[in-house]
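Thanks for making time this morning.

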Amino acid sequence: MYAAPDYPVLSPDTNTDVLIDTAGQIVYYRFTADHSCDYAFHSISDEDTYGELYAQDGTLLYENDDYYGMNFGIACNLEAGESYILAVSFLDTEVTGRFELVAQTNHDDTIEVIQSPNCNDSGVWHHSCTICGYEWTEIVPPTHDYENGVCLAIESGRSDLLIK
């Protein structure tokens with residue numbers, strides 16, 4: 001019932017504009033987990049929203065209303081490579097309009113600083129998720145913190161550069 005192949009794909013770590021243009025409409029998205037990890041789905045709306053997450057076979061796994069004020073929120077652990085169906089709507093079946101749908105991976109990461117950013121150079125941080133083992137590298141732009149006209153270069157401890 002919920003596994004129709006024509007549902008739009010909801011990608012991890014994206015925001016999607018949802019249009020409810022018919023009273024009582026439910027919008028369905030297919031979501032495939034990239035990693036066996038924690039994920040969160042929530043809405044950003046001025047209206048009361050509702051969300052349901054289904055397994056591929058149509059089994060209801062999670063549902064929520066009012067996690068963030070009037071916005072729904074679902075936080076759960078999903079299996080890598082498995083597809084899920086997310087159904088979203090306004091709670092009031094007479095309401096139409098738009099809201100933003102957020103899908104994010106919640107990696108619980110540890111950070112190894114390879115190179116700290118300073119006033120002149122970017123830094124390099126290596127992340128590793130303690131839940132799923134996913135690893136990634138982040139380039140951190142040069143960092144400045146000013147106190148009394150002195151650049152403190154937060155991560156490197158350099159305080160020798162005066163701002164003139």
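Let me begin with two residues, Phe31 and Tyr39, both of which are buried. Please keep in mind throughout that what you are looking at is a predicted model.

How are the rings of Phe31 and Tyr39 arranged? Their centres are 5.4 Å apart and their planes stand at 75°, and because planes over 60 degrees apart count as edge-to-face, the pair is edge-to-face. Phe31 and Tyr39 also belong, together with Phe41, to one aromatic cluster.

There is another aromatic pair that I would like to set beside this one, namely Tyr134 and Trp136, whose ring centres are 5.4 Å apart with the planes at 25°, so that this pair is stacked. In total, the model has six aromatic pairs.

Strand E2, residues 27-32, is joined to E7 by six bridges, and the two run antiparallel. Strand E4, residues 49-55, is likewise antiparallel to E7, with seven bridges joining them, and here Thr49 stands opposite Phe90 in E7.

What about the burial of E7 itself? This strand, residues 83-90, is mostly covered, with eight of its eight residues buried. As a general point, the side chains of a regular strand alternate between the two faces of the sheet.

Finally, I would like to turn to an open sheet of four strands, which has the order E1-E8-E3-E6 and antiparallel pairing. Which strands lie at its edges? They are E1, residues 14-20, and E6, residues 73-78, each of which pairs on one side only. From one strand to the next, the twist of this sheet averages 20°. If you look at E1 alongside strand E8, residues 97-105, you will find that they pair in the antiparallel sense over seven bridges, and that Leu19 has Arg98 in E8 as its bridge partner.

That is where I will stop, and I am happy to go back to any part of the model.

Note on methods:
Residues are numbered from 1 along each chain as its sequence is written. This is a predicted model: local features need pLDDT of at least 70, side-chain atom pairs count only at pLDDT 80 or more; totals for chains, interfaces and linings use all residues. Side-chain values use heavy atoms; hydrogens and water are left out. Rings of Phe, Tyr and Trp (its six-membered ring) pair if their centres lie within 6.5 Å; planes under 30 degrees apart count as stacked, over 60 as edge-to-face and the rest as tilted. Buried means under 20% relative accessible area, exposed over 50%, partly exposed in between (1.4 Å probe, protein chains only). Two strands pair if DSSP finds at least two bridges between them. Axes are lines fitted to C-alpha atoms, for helices over the stretch in contact, and angles run from 0 to 180 degrees between N-to-C directions.
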